[in-house]
Amino acid sequence: MNINNPTANQDTHFFGDVCKNFDHAAQFTQHDAGLLDQIKSCNSVYRFRFPIRKGNGFEVIDAWRVEHSHHQSPTKGGIRYSEMVNEDEVMALAALMTYKCAIVNVPFGGAKGGIKINPKNYTVGELENITRRYTVELIKKNFIGPSIDVPAPDYGSGEREMSWIADTYATMNPGQLDALGAVTGKPIALHGIAGRREATGRGVAIAIRECVGVGEDMQKIGLTTGLSGKKVIVQGLGNVGYYSAKFLSEFGALIVGLCEFEGAIYNEDGLDVEAVFQHRKATGSILGYAGAKTEFKNTMDGLEQPCDILVPAALENQITIQNIGSIKAKIIAEGANGPTSPEAEAAFYKAGGMIIPDMYANAGGVTVSYFEWLKNLSHVAFGRINRRFEENSNLNLVNMVEGITGTALTPLQRSTIIKGASELELVNSGLEDTMIRSYHEIREIYKNNPKVETLRNAAMVGAINKIAVSYMNLGVWP
Ligand code: NAD
């Protein structure tokens, strides 16, 4: 098949959808057709199979790594562990990574990996074997390295898997000083970074807060300005969904619905996210949670309940032309990658809604992954060198002000002013700044171009322009 012409191929949908969005946005740019083709295409698609021992026999595992764009190096993107993963999906996710990094000004090309397994069907030992063997296959083909391609967690993988990848890469590259920069999303004890685990969800919550903060846009869709009291439904209580719900409630929103694959729960007066999370941990299901007023066996029913904002944070293709008409929310904030089909998006805007697109909304993860990579290359935690100096300077200033004014601050006021920033505070501040700036960059394009119908188109226009500049500067050689 022609891998880069998905619209000509019946088997491809997700990459086709991403390319459709690209083609649509490209109309609003001024670039040469060949350059646009170079930006849109997946540069390298590595499909491989490897055996593992299972029981008394063997099992062959299908896997992929796709590097979509090399306009910046290294390339960057998570590894999905799912029995549903396929080449089309990995290509689509790699392409989204390229646009996402451009949107939030993270200097990476896009990549993505996939391992076709259901992690629940394997022991921890088997998962370790699969992860380490996957890493070795990438090393053999030069598809991993701190300056080449840097994986991270995605659906079905987390800190544990990233530790195995880091250890395998470092063991196979003895003496490589920057080896731990070959993968991000590592535990803090293995040179990960404070705030990475919750970064994507925190970013989603900040994205929504920015969006609902613009009075002019809220008036258009019939919502009041601000997050306070806004009713939110979240699909998926994994890494992205759980932290999105947690931070949204911290910012004043009311989480009225939560949907997992076993079903959905709803209470228009609000759900306690942490209590639901603990209930699911203890019982294996969100159903049966005492604080819910309504339960749905079919998880998709949960998406259609009354709310202001819907956050799909599980998987792609959840909101289609079939169910968009039943969605009550006015804003869809895409925590997951590709949850809304292009047809559903058009219908939603036509009905007076707006969508905060995945390639911006969930970019908090890659933003903090970028900080982790910088930390690994510099071999020092953020704040370590300057914190004490900052505190001493602040202390001198406070003493001076107290001396001049003759007014003593309270101990709490003193310690708040004097305290230097921790790694977590610096990471969160960098993340917040990135999400806020990027939202308004996208909105400016949206607002100033009447032909650009959606925030996704606007985000894509901005991304294409930035990537085009990089390619033009690089030139073509040899
Ligand atoms: P995860 O594995 O931690 O969580 C996914 C959750 O969704 C799980 O709890 C799972 O049970 C639930 N789920 C699966 N199918 C469902 C269904 N049909 N209905 C309701 N719930 C369902 O994965 P994650 O890391 O949170 O990733 C979720 C999405 O966010 C993916 O699309 C991923 O590509 C995207 N994403 C993740 C990150 C990250 O940093 N982890 C960053 C950017 C984007």
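Predicted model: local features only at pLDDT ≥ 70, side-chain atom pairs only at ≥ 80, totals over all residues.

Tutor: Residues are numbered from 1 along each chain as its sequence is written, and side-chain values use heavy atoms, with hydrogens and water left out.

Student: Why is S341 called buried?
Tutor: Buried means under 20% relative accessible area, exposed over 50%, and partly exposed in between, with a 1.4 Å probe and protein chains only. S341 has a relative accessible area of 6%, so S341 is buried.

Student: Where does S341 lie?
Tutor: S341 lies in the loop between β11 (331-333) and α11 (342-350). Helices are DSSP runs of H or I with at least four residues, strands are runs of E with at least two, and both are numbered from the N terminus.

Student: Which residues does S341 touch, not counting residues up to four places away in sequence?
Tutor: S341 touches N317, I319, T320 and I321; contact means heavy atoms within 4.5 Å.

Student: What is the omega of the cis peptide bond from S73 to P74?
Tutor: Omega is near 0° there, and P74 is in the loop between β2 (57-67) and β3 (75-81). The peptide bond from W477 to P478 is cis, with omega near -5°; P478 is in the segment after α17 (455-474).

Student: What is the phi of N105?
Tutor: N105 is not a glycine, yet its phi is positive, about 55°. N105 is found in the loop between α3 (87-103) and β4 (109-115).
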